[in-house]
Amino acid sequence: MPIAWRKGIRSCTQHPIGNFISYDKLSPTFRAFTSSITEIQVPQNIQEAFKYPKWKAAVDEEVRALEKNGTWEITDLPRGKKPVGCKWIFTVKYKADGNVDRYKARLVAKGFTQSYGIDYQETFAPVAKLNTVRVLLSLAANLDWSLHQLDVKNAFLNGDLEEEVYMDIPAGLETTSNFNKVCRLRKSLYGLKQSPRAWFERFTKVVKGYGFVQCQSDHTLFVKHFPEGKLAIIIVYVDDIILTGDHEEKIDLLKKLLTKEFEIKDLGNLKYFLGMEIARSKKGIAVSQRKYVLDLLNETGMLGCKPAETPMDTTVKLEESDGSAPVDKGRYQRLVGKLIYLSHTRPDIGFSVSVVSQFMNNPTEKHMTAVIRILRYLKMTPGKGLFFQRTTKKEIEIFFRCRLGRFSD
């Protein structure tokens, strides 16, 4: 196997990922932050989590919170009822300086097994449009607004559950006393189809009571104008909240008011949001998904692959039926789905991703090769992203896209 040498370090791969990652342009504090968010390995299941005291403690903390909230009661499954499944999800919450705030274990119901009209009715997910998030970042960069991030602890547990829903005993909590028993849910839980709606209804009622107006083009955005001409803005993505505006005193007051209503964790200045790393300087705000890219390459076993300089091979034409062998449809869809999310901060792969997404129903080896080509390109440029430059210009620039063609009388 070829051996690559770089700065005196021996590597067993010809294209080590270290050759394509640079921290030179990052400030010392943000360099420490970006390093810390990739250090900790997150368990994939409850059995793996129980091997580590910190993750086991996180599970115990979540169970205590659920029981304290009266989320369920153990009972027999009534005849004709079908319980929904559940699973554990693990993540790490970080402080603004990059240090670990807490290890988080979350019990999630498998809501995809629910049946409309039986164990759920209306649904709504408080998911902010990423276009709205980008607009707020641009405003913050140009108007010098601060960006604060809040996390609502066990947000979905704040919603009351009206429907009759039963759930399997969570993995790791089975005992002889609850053998063949189920959980009758009394409060909403992450994963249930109605949980986001129940939580968001209560949150909306609270912030409207503080004088905020809900935006009609994006219902997760709330704005409040103050008599002195200043304003404060709230945007919600499930249980993550961004606060911004030009009235710091009112923003601090709002944090205190929300803390009275919900169990709020102030994460400080916005640095990591929905897999996006946000770095700020006097020149503007940079947004990248470097960790997201590295995790994707690691998941697909492509950290050591040969990089590509372009996201698409222009000599290859992709078609619905190209004669090549079919590939795993589920794997193809998952990869393309992750690339679609990544394209929010990587417009350079937007066209390539739109092409491969056309073959989600019947992907072939040729289509998968095109997806792999995008991943090889991402290895070459893992830290690329968007930059919202701060400018003193007050003019509005408008760009038109037109199509050229023939015109006749």
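Biologist: Which residues have the most contacts inside the largest nonpolar core?

Modeller: Keep in mind that this is a predicted model. Its largest nonpolar core has 50 residues, and helix 10 (residues 365-380) gives the most to this core, with seven residues. The ones with the most contacts inside the core are V133, F273, I285, L339, V356, V371 and L378.

Biologist: What does L378 touch, not counting residues up to four places away in sequence?

Modeller: L378 is one of the residues with the most contacts in that core. Leaving out residues up to four places away in sequence, L378 touches V293, L339, L342, R346 and I349.

Biologist: On helix 6, which residues are buried, and how wide an arc do they cover?

Modeller: Helix 6 runs over residues 248-261, and its buried residues are I251, L254, K255 and L258. In an α-helix, residues three or four places apart point the same way, because there are 3.6 residues a turn.

Biologist: In the open sheet of four strands, which are the edge strands?

Modeller: The strand order is 14-15-16-17, with antiparallel pairing. Helix 4 (residues 130-143) lies across these strands. An edge strand pairs on one side only, and here those are strand 14 (272-273) and strand 17 (385-389).

Note on methods
Residues numbered from 1 in each chain as written. Predicted model: local features only at pLDDT ≥ 70, side-chain atom pairs only at ≥ 80, totals over all residues. Heavy atoms only, no water. Helix = DSSP H or I, 4+ residues; strand = E, 2+ residues; numbered from the N terminus. Expected span 1.5 Å × (residues − 1). Buried < 20%, exposed > 50% of the residue type's maximum accessible area, 1.4 Å probe, protein only. Core = buried A, V, L, I, M, F, W, Y, C linked by side-chain atoms within 4.5 Å. Contact = heavy atoms within 4.5 Å. Pairing = 2+ DSSP bridges. Axes fitted to C-alpha atoms, helices over the stretch in contact; angles between N-to-C directions.
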